[in-house]
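Subject: Handover of a structure model, with notes

Dear colleague,

Please find below the structure that I am handing over to you. My notes on it follow directly after.

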Amino acid sequence: MDVSVELKGVTKRFDEVTAVDNVSLKIRRGEFFSLLGPSGCGKTTTLRLVAGFEHPSEGKILINNADVSNKRPYERNVNTVFQNYALFPHLTVAGNIQFGLERKRTPKDEMLRLVVEALDLVRLNYMGDRYPHQLSGGQQQRVALARALILRPEVLLLDEPLGALDLKLRKEMQLELKSLQEKIGITFIYVTHDQEEALTMSDRIAVMETGRLAQVGTAEEIYEYPKTRFVADFIGESNFFSGKITAIDDNHLYLITDGGLKITLPADKAHTAGQHINFSVRPEKFRVEPEPGTSDWENQFIGEIVNKIYLGESIHYVIALSAKENINVFLKKERSGPQKTVFSIGDKVHVSWHRDDSVILVD
Amino acid sequence: MKVRGFFQPLTWFTGACYLFLYLPICVLVAFSFNTSRFSVVWRGFTWEWYIKLIQDPLVLDALKNSLIVAVVAMILSTIIGTLTAYGLYRYRFRGKTVFDGILFLPIVTPEIVVGISLVIFFVLIHVNLGLKTIIIAHVAFDIPFVMLIVRARLQGMDRTLEEAAMDLGADEWTTFFKVTIPQLLPGIIAAALLAFTLSFDDFVITFFVAGVGSTTLPLKIYSMVRLGVSPKINALSALIVSVSIILITIADRLQRKSV
Ligand SMILES: Nc1ncnc2c1ncn2[C@@H]1O[C@H](COP(=O)(O)OP(=O)(O)OP(=O)(O)O)[C@@H](O)[C@H]1O
Ligand SMILES: [Mg+2]
């Protein structure tokens, strides 16, 4: 594997707070890697450690296989796009973009060529003479991007770069950023607390929880196979159950939930009968029908609709499966097929799901 | 905005307050154009006193001293004050809060105390009183004012700008000169103008640390007044007031400027 950035057991403490706690990571060259997590989980601190604004209390940081743990920010081949853009207000757009080139003493004519090229890359041609305060938020964002990219860093760090933009522009910039990254092939480390953004843009995602890595994987891995309750809850929505294992065979794991439901799960060699475990099911994995019969999935129960919320493209039902267990179910409104029926509160329904859609959680 | 009822007396009060502050100065300026030698009666307009003023070699000499002192003190105190304020802002060290706290102390210490202590200090280290000692004294009392203004500007500065500069390959010095100083510039200029004005106007401290032949304008006015108030003194005072007001207005404007 061609490793671009590696964190080896990195810990960062501020007085009392441990902002980053024993994080080990390998990020591939050219990868779009996202750090995702709730506010205060240590995303920005991790990024600042890679940039060199903070130094690790423990552990090592390697960029391009060289230990940079004690290098100053200007000694690292890394550039940052700041959340507030941090454009120099006393310099023009061109002045901002060529700031890094000037530090490298790039010859004048080459600098001019590169600046024009960079402006072109972010579609800001002919705006070189403006000052940052004369630009819109989206344009400022692009200047910040051009300023960092013109130095062709080994890694580009982005700290919630779209956080200040409105929803529509944000969606646009997401696509633009992604295609830009694919075009130039630079490693991106992208910080966000917006799970949708991380899922759509990233090659891989690291979900962080209070300074630790909760799970690292592709969008699909993380969404379909969350390891912990925290991940299952933070990414998308989930229904959580807990129960006691009654039997295990080669393909199945049988358990009885706290509410008395007999459930079939995929086999898992790590567990033994009698153990208490937690598992989750995504709300869109259920089939809900007025009559029994059409579904041949293992888990079939009769439930009662207790609440219904209209969401536009789908309907969100809350269904009671047992005295203790309510599930959230998202159903698309289809014009035909098994799900054409719209239910109302109080209806008795047949709920079923496939055993593989139950994901066993570590805690 | 409409002013009514309860607030009416308050506006009169404010007016009276400003009148009290500025009327004496206005009278002084007016009488500097009075034909009459005796300052109490208005006899007609004249430039005579200003012309006499610029023909007086002693006054010109004092002006020269004042300018030298103010300019040198301004330059030194601005540089030292700016760097010190930046050091206090940028770096964490033991006793930082103490240093921050005692910044105001020299400002509230009575000038007469500062003056006397400086004289004793200079005598102790065997320095002859003269322009040099005036400059040192002025630099000393200018620095806290410079630091206060620069500190206010620093606190409003976006810290990530410095990080962005380093991120783009600028070392600490380059970052300071290419990013920090330009951000602070309005504050630094305002501080310099204030330092110049304070130094140009100072009487009490200068009175103590001046030697023979190092008379500044305020000292000159004082010695002239002892021979009796004349329209020439009014003219000189009016000039000093005008210079001060102009510089302070510019400084104030600069400080309000946001970018
Ligand atoms: N310079 C600092 N001094 C002390 N504590 C800090 C410092 N920087 C961060 N922290 C603490 O470290 C923890 C992680 O902060 P960090 O900024 O990395 O979170 P984040 O994941 O980026 O959050 P957000 O999504 O809100 O930006 C927080 O508890 C924060 O209070
Ligand atoms: Mg953050």
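How many salt bridges does the rule find across the interface of chain A and chain B? It finds two. Please bear in mind throughout that this is a predicted model.

**The interface**

One salt bridge joins the side chains of Arg72(A) and Glu172(B), with an N to O distance of 2.6 Å. In terms of contacts, 22 residues of chain A meet 19 residues of chain B. The two chains bury about 1800 Å² between them, and 60% of that area comes from carbon and sulfur atoms. On the side of chain A, Tyr74(A), His90(A) and Arg103(A) supply 32% of the area buried against chain B, more than any other three residues.

**Nonpolar cores**

The largest nonpolar core has 71 residues, and the members that touch the most others are Ile97(A), Leu145(A) and Leu156(A). Helix H5 of chain A, residues 137-149, gives this core its largest share, namely six residues. Another core, of 55 residues, lies apart from it; Val59(B), Phe141(B), Ala192(B) and Leu194(B) are among its members.

Beyond four places in sequence, Ile97(A) touches Val115(A), Ala118(A), Leu119(A), Val143(A), Ala146(A), Arg147(A) and Ile150(A).

**Chain B**

Chain B contains twelve helices and zero strands. Its 259 residues include 41% that count as buried. The C-alpha trace of chain B spans about 70 × 65 × 30 Å along its principal axes. If one takes the contacts in chain B between residues at least 6 apart in sequence, 72% of them join residues at least 24 apart.

Where does H9(B) bend? The bend, of about 60°, is at Leu185(B), and a proline, Pro186(B), follows within four residues.

**Positive phi values**

Most residues other than glycine have a negative phi. Two residues in the model that are not glycine have a positive value, as set out here.

- Asn65(A) has a phi near 70°. Asn65(A) sits in the loop of chain A between strand S4 (58-63) and strand S5 (66-67). Because its relative accessible area is 56%, above the 50% cut-off, Asn65(A) counts as exposed.
- His126(B) has a phi of about 55°. The loop that holds His126(B) runs between helix H6 (111-124) and helix H7 (131-155) of chain B. Its relative accessible area is 72%, so His126(B) is exposed as well.

**Helix H1 of chain A**

Helix H1 of chain A, residues 43-51, is mostly covered, with seven of its nine residues buried. The buried residues in H1(A) are Lys43(A), Thr45(A), Thr46(A), Leu47(A), Leu49(A), Val50(A) and Ala51(A).

Is Gln181(A) buried or exposed? Gln181(A) counts as buried because its relative accessibility is 2%, under the 20% cut-off. This residue belongs to helix H6 of chain A, residues 167-184. Leaving aside neighbours within four places in sequence, Gln181(A) is in contact with Gly30(A), Glu31(A), Phe32(A), Ile186(A) and Phe188(A).

Ser24(A) is placed in strand S2 of chain A, residues 17-28. With a relative accessible area of 45%, Ser24(A) is partly exposed. Not counting residues up to four places away in sequence, Ser24(A) touches Leu7(A), Lys8(A), Gly9(A) and Leu213(A). Between Ser24(A) and Val288(A) there are 43 Å in space, C-alpha to C-alpha, and the two are 264 residues apart in sequence.

With kind regards

Methods:
Residues are numbered from 1 along each chain as its sequence is written. Chains are lettered from A and ligands numbered from 1 in the order in which they are written. This is a predicted model: local features need pLDDT of at least 70, side-chain atom pairs count only at pLDDT 80 or more; totals for chains, interfaces and linings use all residues. Side-chain values use heavy atoms; hydrogens and water are left out. A nonpolar core is a set of buried Ala, Val, Leu, Ile, Met, Phe, Trp, Tyr and Cys residues joined through side-chain atoms within 4.5 Å. Buried means under 20% relative accessible area, exposed over 50%, partly exposed in between (1.4 Å probe, protein chains only). Helices (H or I, at least four residues) and strands (E, at least two) are DSSP runs, numbered from the N terminus. Contact means heavy atoms within 4.5 Å. The bend at a residue is the angle between axes fitted to the seven residues ending there and the seven starting there. Buried area is the accessible area (1.4 Å probe) that two parts lose on being put together, summed over both. A salt bridge is a side-chain nitrogen of Lys or Arg within 4 Å of a carboxyl oxygen of Asp or Glu.
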